[in-house]
Amino acid sequence: MPSLKPAVFLDRDGVINRDTGYTHKLDELEILAGVAAGCRQLIAAGFELIIVTNQSGIARGLYNEHDYQQFSTELLRQLNLQKVHFLAVYFCPHHKEGEIASYRQECYCRKPQPGMLLRAASEHPIDLTQSYIIGDRPSDLEAGENAGLKANVLIETGKTITAEGQAKADYVAANFVAATEWILTDFNSR
Ligand SMILES: [Mg+2]
Ligand SMILES: [Zn+2]
């Protein structure tokens, strides 16, 4: 049996790239400071990196799956150039009040539901109990909690931090490098 690896799940908008509100245009793609360096540190420490992103803009008819894929491909390309490789990327295109009928549903993948994280663990040798999530919304942290992750980190580079988010977080990080350092310390202090 292959040994299971720890993962760091990353929300996308507000964590990896600047959240401009339903971000999908290539000219709005701005990778945040410290992300590439932090990701390389996590990879060096043995973590797999997995993106889990709610993309209800698809259900809302603001952009389509092709637009999403194009943006995602470019984001991955830019990070690959900086020696950052992701094990997988999962996105949820749904919303229960979406404009587009085929995406209008209450699904199990939209965070705070844990569907994307559980799917990652079913498709890859990941130990959820030794894994982390970095997100900028309470729903990211709840998804981590619902999936049984080791700890949930709230980051201040995206949405404004709320009391609800703060209460759900195991740690609140000012930026990606701070989040990375906390995770490495927590992981090594088992
Ligand atoms: Mg976000
Ligand atoms: Zn979904």
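How many bridges join S1 to S2, and do they run parallel or antiparallel? Four bridges link the two strands, and S1 and S2 run parallel. The model is a predicted one, so to speak a computed picture, in which local features need pLDDT of at least 70, side-chain atom pairs count only at pLDDT 80 or more, and totals for chains, interfaces and linings use all residues. Residues are numbered from 1 along each chain as its sequence is written, chains are lettered from A and ligands numbered from 1 in the order in which they are written, and side-chain values use heavy atoms, with hydrogens and water left out.

Strands here are DSSP runs of E with at least two residues, helices are runs of H or I with at least four, and both are numbered from the N terminus. Two strands count as paired if DSSP finds at least two bridges between them. Getting from S1 to S2, the chain passes through H1 in a right-handed β-α-β crossover (clockwise from the first strand over the helix to the second, with the strands pointing away from the viewer). S1 also pairs with S4, again in the parallel sense, over three bridges; there Leu 10 has Ile 134 as its bridge partner. Both faces of S1 are covered, with Ala 7 and Phe 9 buried on one side and Val 8 and Leu 10 buried on the other (buried is under 20% relative accessible area, using a 1.4 Å probe and protein chains only).

Next comes the metal. Asp 11 (OD), Asp 13 (O) and Asp 136 (OD) coordinate the magnesium ion (ligand 1) at 2.1 to 2.2 Å; donors are N, O and S atoms within 2.8 Å of the metal (3.2 Å for Na, K and Ca), and water is not among the atoms, so the site may look incomplete. The donors are spaced D-x1-D-x122-D in sequence. Asp 13, in the loop between S1 (7-10) and H1 (35-44), and Asp 136, in the loop between S4 (132-135) and H5 (138-146), link distant parts of the chain, 123 residues apart. Both Asp 13 and Asp 136 are buried.

As for open space, the largest pocket has a volume of about 380 Å³. A pocket is an open set of points on a 1 Å grid over the protein atoms alone, with protein on both sides within 12 Å along at least five of seven lines, and lining residues have an atom within 4 Å of a point. Its volume is the space filled by probe spheres set on the points, which are joined across faces, edges and corners. Of the 21 lining residues, Tyr 22, Asn 54, Ser 56, Arg 110 and Arg 137 are the closest to the centre.

Technical notes:
Buried means under 20% relative accessible area, exposed over 50%, partly exposed in between (1.4 Å probe, protein chains only). On a 1 Å grid over the protein atoms alone, a cavity is a set of points where a 1.4 Å probe fits but cannot get out, and a pocket is an open set with protein on both sides within 12 Å along at least five of seven lines; lining residues have an atom within 4 Å of a point.
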